[in-house]
Amino acid sequence: MTPANQLPANQPPAIEVSDVVVRYGEVVALDGVSLSVASGRVTGLVGMNGSGKSTLFKAIMGTVRPDTGTVLIDGTAPVAARKQGLVGYVPQSEDVDWAFPVSVRDVVMMGRYGRQGLTRRARHVDHAAVAEALERVELTGYADRQIGQLSGGQRKRAFVARGIAQDARILLLDEPFAGVDKRSEATIVRLLRELADDGRTVLVSTHDLHALPRLADEAVLLLHRVLFHGGVAEALRPDNLAHAFGLDVLDRDLDRGSDRDRDRDFDREGSA
Ligand SMILES: Nc1ncnc2c1ncn2[C@@H]1O[C@H](COP(=O)(O)OP(=O)(O)OP(=O)(O)O)[C@@H](O)[C@H]1O
């Protein structure tokens, strides 16, 4: 296995993010992010709420344009890569209208749209790809249900199936384990591993640090910039996590607080 961060010399990174800055008005969501993600691996993207994970995904998909810096997908600009169907995306649950009147099969078929031209007429090969993807995520029996009638884990699996049907080289998953039961989590972890072993690139944002060792070959700690990129065990070291989740700030504030307490006690003693 190639160590994290070291790509084989002849293989361009599947995702190359170079010095990317994204601002929303006054808010700097990404502040000079550089990252190379290799194919054939599962990479965990870990960071606290608001650290910029979704924005990084959007920059990779070309739905958010960086203020400065560049993103390349297999050497191609993100918008072109998306149009070519290179990138599949499993969104956060909040970003989906679950009342939308589409079946699970329809959602998975969306992964085939790029191949169907403007007519969007599904051919035998499209139906076969959808059936196979549904089987891989263990949702064959749910194909005709309205998407909102699935459990949280089943919904995620339906979107993973969309990426499989799309035959995406690169799969981005935004918090796939949020609100997901153990069985769906295990199914998703197994699928992602299979996809990576198949040579695909899998980038998964997660808060679920417990799932990380089973899930990922390497981890990225993000706090508006990349704080760490390397092996999972090292990423999970308390000092690295403290840095990524801002606990060092907390500790410093507590220290300051106890300094203040000491000063106050001293003042009190002095004035007594
Ligand atoms: N459309 C927007 N307009 C203004 N600010 C935004 C917008 N989208 C994100 N932000 C801000 O940019 C920062 C990064 O947000 P982002 O959603 O990328 O973080 P995240 O790590 O995905 O968070 P979470 O784990 O909560 O999903 C946050 O401060 C957020 O409030």
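Three strands form an open sheet, in the order β2-β1-β4, and the pairing is antiparallel. Strands here are DSSP E runs of at least two residues, helices are H or I runs of at least four residues, and both are numbered from the N terminus. Two strands count as paired if DSSP finds at least two bridges between them. β2 and β4, the latter at residues 68–73, are the edges; each has a single partner strand, so one side of each has no neighbour in the sheet. From one strand to the next the twist averages 20°. Angles run from 0 to 180 degrees between N-to-C directions, with axes fitted as lines to C-alpha atoms, for helices over the stretch in contact.

Residues are numbered from 1 along each chain as its sequence is written. pLDDT is the predictor's confidence in each residue, from 0 to 100. The protein chain has a mean of 85, and 86% of its residues reach 70 or more. Residues 1–7 are below 50, with 13 contacts in the model beyond near neighbours in sequence. A contact means two C-beta atoms, placed from the backbone, within 7 Å. Where pLDDT is low, predicted coordinates should not be read in detail. The model scores are ipTM 0.97 and pTM 0.84.

β1, residues 15–24, pairs with β4 in the antiparallel sense over 5 bridges. Ser-18 stands opposite Thr-70 in β4. Helix α1 lies across β1, β2 and β4, at about 60° to β2.

Leu-45 has Val-220 in β8 as its bridge partner.

Now the ligand. The residues around it, with a C-beta atom placed from the backbone within 6 Å, include Tyr-24, Val-27, Asn-49, Lys-53, Ser-54 and Thr-55. β2 (27–37) and α1 (53–61) each supply at least two residues of this shell. α1 gives the most, with 3 residues. By class, the shell has 3 nonpolar, 7 polar and 1 charged residues. Nonpolar means Ala, Val, Leu, Ile, Met, Phe, Trp, Tyr, Cys and Pro; charged means Asp, Glu, Lys and Arg; the others, Gly among them, are polar.

Last, the domains. The chain is divided into domain 1 (15–236) and domain 2 (237–272), with bounds from an automatic or database assignment. 10 residues of domain 1 are in contact with 7 residues of domain 2. On the domain 1 side, β9 (226–231) and α9 (232–235) are the elements that give two or more residues. That side has 8 nonpolar, 1 polar and 1 charged residues.

Conventions: This is a predicted model: local features need pLDDT of at least 70, side-chain atom pairs count only at pLDDT 80 or more; totals for chains, interfaces and linings use all residues.
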